[in-house]
Amino acid sequence: MTTRTANFCIDCADPRALALWWADVVDDFGADEQDEWTDEEAWLAGPVGRDLVFLKVPEPKQVKNRMHVCVRPVDTTRDEEVERLLAHGATMVNDLRQPDEGWAVLADPEGNEFCVLTADAERCGVAQG
């Protein structure tokens, strides 16, 4: 028997706004079905039928996430991506970066933590260009 992930759900106060924010963060999940979104749920269609689903909940976030998303830059460095995301409205939670290793823990506009990892090229010692 085999089980695979189907969706990754993120609780939030404003599903539409947070889905659009994440659509600007990741390029492998798209906001193609916005006309089907509701005030209660929005989603980004991802690879292999897996979606990021944003679900409206009444309570605000109060504690650290038990599960979180990690992103890896494709055509930029980890540090450049951290700066882009901070300028885009993310906040720094914990900076665990070291040269060519480590990560930064950021939070999206609703406080959900996620990590920015080093790019594959940085891990392999290949210069970005």
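Modeller: Please bear in mind that the model is predicted. The largest nonpolar core comprises 25 residues, and those with the most contacts inside it are Trp22, Leu44, Phe54, Leu106 and Phe114. Two or more residues each are given to this core by strand 1 (7-12), helix 1 (15-25), strand 2 (41-45), strand 3 (51-56), helix 2 (78-87), strand 6 (101-107) and strand 7 (113-116). Helix 1 supplies the largest share, five residues. In soluble globular proteins, nonpolar side chains tend to be buried together.

Part of this setting is an open sheet of three strands in the order 1-3-2, with mixed pairing. Strand 1 and strand 2 are its edge strands, each pairing on one side only. On average, neighbouring strands are turned by 20° against each other, direction ignored. Strand 2 pairs with strand 3 in the antiparallel sense over five bridges, and Trp43 has Val53 in strand 3 as its bridge partner. Helix 1 packs on this sheet, touching strand 1, strand 2 and strand 3, and its direction makes about 15° with that of strand 2.

Phe114 touches, among others beyond four places in sequence, Trp21, Trp22, Leu85 and Leu106. A polar atom of the Glu113 side chain lies 3.0 Å from the backbone nitrogen of Asn65. Beyond four places in sequence, the contacts of Glu113 include Lys61, Lys64, His68 and Val105.

Note on methods. Residues numbered from 1 in each chain as written. Predicted model: local features only at pLDDT ≥ 70, side-chain atom pairs only at ≥ 80, totals over all residues. Heavy atoms only, no water. Core = buried A, V, L, I, M, F, W, Y, C linked by side-chain atoms within 4.5 Å. Buried < 20%, exposed > 50% of the residue type's maximum accessible area, 1.4 Å probe, protein only. Helix = DSSP H or I, 4+ residues; strand = E, 2+ residues; numbered from the N terminus. Contact = heavy atoms within 4.5 Å. Polar contact = N/O pair within 3.5 Å; in protein donor to acceptor, adjacent residues only side chain to side chain. Pairing = 2+ DSSP bridges. Axes fitted to C-alpha atoms, helices over the stretch in contact; angles between N-to-C directions.
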